[in-house]
Structures are given as structure tokens and as C-alpha cells.
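This text walks through the charged pairs of one structure and then turns to a residue in a helix. Please keep the sequence and the coordinates open while reading.

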Amino acid sequence: MDMFDAFHLARLQFAFTVSFHIVFPAISIGMASFLAVLEALWLFTGDRAYREMFAFWSRIFAVGFGMGVVSGVVMAYEFGTNWSGFSNVAGNVTGPLLTYEVLTAFFLEAGFLGVMLFGWQRVSPRAHFFATLMVALGTLISTFWILASNSFMQTPQGYAIENGRIVPVDWLKIIFNPSFPYRLAHMTIAAFIVAGFIVAACGAWHLLHGRRDTPVARSFSMALWILLLLTPIQIFVGDAHGLNTRKYQPAKIAAIEGLWETEKGGTALNLVGLPDMNAEVTRYTLQIPHLGSLILTHSWTGEIRGLKEFAPENRPFSPIIFWTFRIMAGLGMLMLLTVLLGLMLRIRGRLYETRWYQWLVLCMGPSGLVALLAGWVTTEVGRQPWTVYGVLRTVDSLAPIDAQQAGVSLLILVIVYFTVFGTGIYYMLRMMKRGPEEYLEGEGQRKHPVLHNRALDALETE
């Protein structure tokens with residue numbers, strides 16, 4: 001196939017828009033729960049620093065949430081404009097699941113978002129906290145339905161084929177399909193890690209610039225505690241997800257590992273290499289004997305099927321997912337090292353004074369987003385050549401469009417996305433650069449009145 005035909009251009013367009021989009025929900029999911037924790041701590045302790053932190057991070061959340069909603073609308077249109085074949089065949093399942101997401105999560109978020117952001121002077125602190133909880137819950141419910149829909153595409157069950165269309169038979173089986181629990185946990189924890197590294201990096205920036213006030217130091221400390229808890233759990237969940245993928249999508253695992261031959265008596269792990277789809281070999285490999293079996297089967301002699309056991313037309317494109325998986329896994333190991341170093345410095349009482357570590361945390365700020373994108377590329381490219389795994393091929397999902405239509409719309413979206421969402425990201429970074437209002441615990445006064453939020457004054461009078 002020509003790489004610039006309608007099919008590949010439509011795939012590139014959807015990959016571009018979904019990659020831009022997923023950044024903002026990931027930030028919103030993690031940040032909403034962080035805000036709920038901050039407000040709960042303020043209500044429980046009465047410590048004003050938590051309010052200052054809430055006021056600051058709620059602005060970051062609001063911008064990310066708004067851009068996530070706008071960028072998500074475009075993808076819904078693409079199902080009709082570029083992928084009507086998919087909508088026609090699988091719409092009886094994916095349509096209701098996405099509708100449930102709107103009716104439960106989006107309405108919940110939209111209904112309480114205004115109260116959370118602008119209701120300080122209009123409702124009681126407890127009512128405001130309830131609104132914050134509902135927004136956080138809404139982001140998690142949204143994750144539930146989106147992952148249910150996407151997981152069905154990965155490991156479909158509970159359906160029948162009638163007149164060439166997928167028809168739901170058992171909704172519980174459709175929703176709770178074999179990969180859903182693992183993918184839901186993996187994505188949710190990933191969103192918390194994304195937010196955690198953003199908060200930690202923001203704190204590191206201000207520590208490097210001499211700030212030692214409570215909101216900055218506490219943001220830095222809280223984020224590192226959260227990451228210390230979640231990073232090892234994410235590695236464990238990722239391992240379980242890998243075992244599930246090997247069972248239900250063995251070709252994806254073979255492509256991720258760059259494994260062509262089924263090795264008897266134990267499979268080596270290709271640390272690096274260059275998979276060649278035409279020659280059916282992975283070149284320049286650096287291998288560790290038996291480690292592939294140990295990781296993917298939890299046994300020394302476990303057998304992993306090679307790509308040659310699958311028809312060429314059913315093989316995922318290994319050169320992409322071989323490296324995106326290693327980017328994701330490598331960053332995961334670097335995240336673990338970062339938080340363990342933070343724990344060591346905390347024990348020694350040097351967490352806020354060690355500049356090299358603060359530079360490390362600052363550089364790791366975008367690592368959660370990079371790992372998230374690499375993981376999504378791995379799972380989506382690894383599903384190919386299927387849109388619904390084993391049921392509907394991607395090439396059969398394409399709408400009757402030509403290359404010019406797909407190319408022009410892609411060009412327009414690239415220009416608009418980089419302009420609109422690039423501006424939004426720049427604005428978020430500017431806000432993080434300014435930081436939360438400086439508030440020294442015990443002094444009872446702000447040090448940066450330019451960032452003053454009148455809503456907080458209203459709270460002082462309650």
C-alpha cells in the first residue's frame with residue numbers, strides 16, 4: 001500500500017488527534033483526585049496552605065479539562081467522517097458505551113465543575129468539597145466507559161455477528177471483557193502518575209529558584225509520596241497486563257519482543273534491536289537468555305510464540321511497538337529510581353536542599369506523559385491489522401474517502417491543534433512557572449498578592 005493513500009492518512013490523522021487528546025484527560029483524571037485530597041486535608045486540618053494549593057492547581061485542572069473536552073469532540077466526528085465502516089459494524093456496541101460515558105461521567109463533571117471552580121462564595125465548604133468529589137468521580141467514571149469500549153476492541157466477547165454487524169448479546173461480558181480490568185487499572189494509575197510528576201516538577205522548579213514556602217514544599221513532598229506508592233504498583237499491574245496480553249493477543253507480544261521464532265526451552269529477551277518485517281528477523285539484538293520467559297511466563301523455560309507462527313497479514317508492525325514499549329518500560333524504571341532516590345534524601349533530611357535531585361525531578365516532569373503516549377501507541381499499533389481484534393480489519397473500517405480529503409483535513413487539524421492546544425499548554429506552563437501564592441505557615445499573609453484569589457478571602461470570613 002502507498003503510505004500516502006487515504007487509508008494511511010486517515011490512520012495518521014486519528015493517531016495525531018488521539019495523541020493530542022489523551023494528554024489532557026490524563027492530567028484531568030490525576031489532578032481532580034489530587035484536588036479532592038487537598039480539599040479534604042484543608043477541611044480536616046484547617047491548614048490554609050492546602051487551600052492555597054487547591055486554588056493554584058484547580059486553575060491548571062480547569063485549563064486541561066477544557067482542552068480535553070474540545071479535543072475529544074473531534075475524535076467523535078472522525079468515527080463518521082473517516083471510519084464509517086467501523087461505526088457501521090461495531091456501532092451497536094461502541095455507540096452505547098460512549099453514550100453511557102456522556103450520560104454518567106460528562107454530565108456529572110459538567111454539573112459540578114462550576115461549583116468547584118466558582119462556588120466558594122456561594123456554597124458551604126462541605127458542599128464545595130462534595131462538588132470536588134463529584135468532579136473527581138466523574139473523571140474516573142469517564143475512564144471506566146472509555147476503557148470498556150477500547151478494551152472490547154482489544155479482547156471482544158459477549159457479541160454475535162448478524163448481517164455483517166456486531167450485535168450485543170451480553171453487556172456484562174462486553175464491558176468486563178478479559179483485558180478490561182488490567183487496562184482500566186493501568187490507565188488510571190498512569191493518569192495519577194502523570195499528575196504526580198507534573199506537580200513534583202513544578203515544586204522542583206520553585207525549589208531551584210529559592211522558594212521554601214509551605215505550598216511549594218508541600219506540593220513537592222506530597223507528589224513524591226504519591227509517586228512512591230503508585231510507581232511500584234504500576235509496574236506490578238503492567239506485568240499482569242502483559243500476561244493477559246500474551247494469552248489473548250499473542251501476536252502483539254511477539255511483535256513487542258521482536259521475536260520471530262518460537263524458542264523451545266526458554267525465550268531470550270531482546271533488550272535492543274531493529275525488527276525487519278520483510279526479512280522476518282530482528283537485527284543487531286542484545287539478548288539476555290531466558291529473561292523473556294521469566295518476564296512473560298514467570299518461568300525459566302516458558303514458551304512464547306514467534307511472529308512466524310502468524311500469517312504475515314495478521315502481524316502487527318513490530319519496528320514501532322518494539323521501541324515504544326521499551327520507551328514506556330524504560331521510563332517506568334527511571335521513575336522508580338527517581339522516587340527511591342527521593343525517599344533516601346527524605347530520610348537523610350536533604351529532600352529540599354539537594355539541587356541535583358530537584359533538577360532530576362524537573363526533567364522527569366513530562367516523563368509520565370511520554371510513557372503514557374508510548375504505552376497507547378504500543379497497545380493500539382499492536383492491535384493491528386484489526387480494529388476489533390480478530391473480528392474487523394482496520395482496512396475494512398475506512399470510510400469511502402480519497403487521499404486528498406484525508407490529507408487536507410489532516411493538514412488543517414495539525415495547524416489548528418498546534419495553534420489552539422499549543423497555546424493552552426503554553427498557558428499552563430506559564431501558570432506553573434508563577435507557582436502557587438507564597439504562604440509561610442504561621443505568618444498568615446500572602447507573599448504574592450498578584451496571584452490573589454478573592455474566593456479565598458470569602459472563606460476567611462466563614
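A salt bridge here is a side-chain nitrogen of Lys or Arg within 4 Å of a carboxyl oxygen of Asp or Glu. By that criterion Arg183, Glu380 and Arg383 are linked in a network of salt bridges. The model is a predicted one, and the structure holds twelve salt bridges.

Arg383 and Glu380 are both buried. In general, side chains of opposite charge can pair when their charged atoms come close.

Another of the salt bridges joins the side chains of Arg211 and Asp213, with an N to O distance of 2.8 Å. Arg211 counts as buried because its relative accessible area, 9%, is under the 20% cut-off. Asp213 is buried as well, at 1%.

Glu280 and Arg315 also form a salt bridge through their side chains, 2.7 Å from N to O. This pair links distant parts of the chain, 35 residues apart: Glu280 lies in the loop between strand E3 (269–276) and strand E4 (281–288), and Arg315 in the loop between helix H9 (291–297) and helix H10 (318–347). Glu280 has a relative accessibility of 26% and so counts as partly exposed, whereas Arg315 is buried, with a relative accessible area of 11%.

The last stop is Thr17, in helix H1 (residues 6–45). Is Thr17 buried or exposed? Thr17 is buried, because its relative accessible area is 0%. Apart from neighbours within four places in sequence, Thr17 is in contact with Val74, Met75, Glu78, Leu413 and Tyr417.

Technical notes: Residues numbered from 1 in each chain as written. Predicted model: local features only at pLDDT ≥ 70, side-chain atom pairs only at ≥ 80, totals over all residues. Heavy atoms only, no water. Helix = DSSP H or I, 4+ residues; strand = E, 2+ residues; numbered from the N terminus. Buried < 20%, exposed > 50% of the residue type's maximum accessible area, 1.4 Å probe, protein only. Contact = heavy atoms within 4.5 Å.
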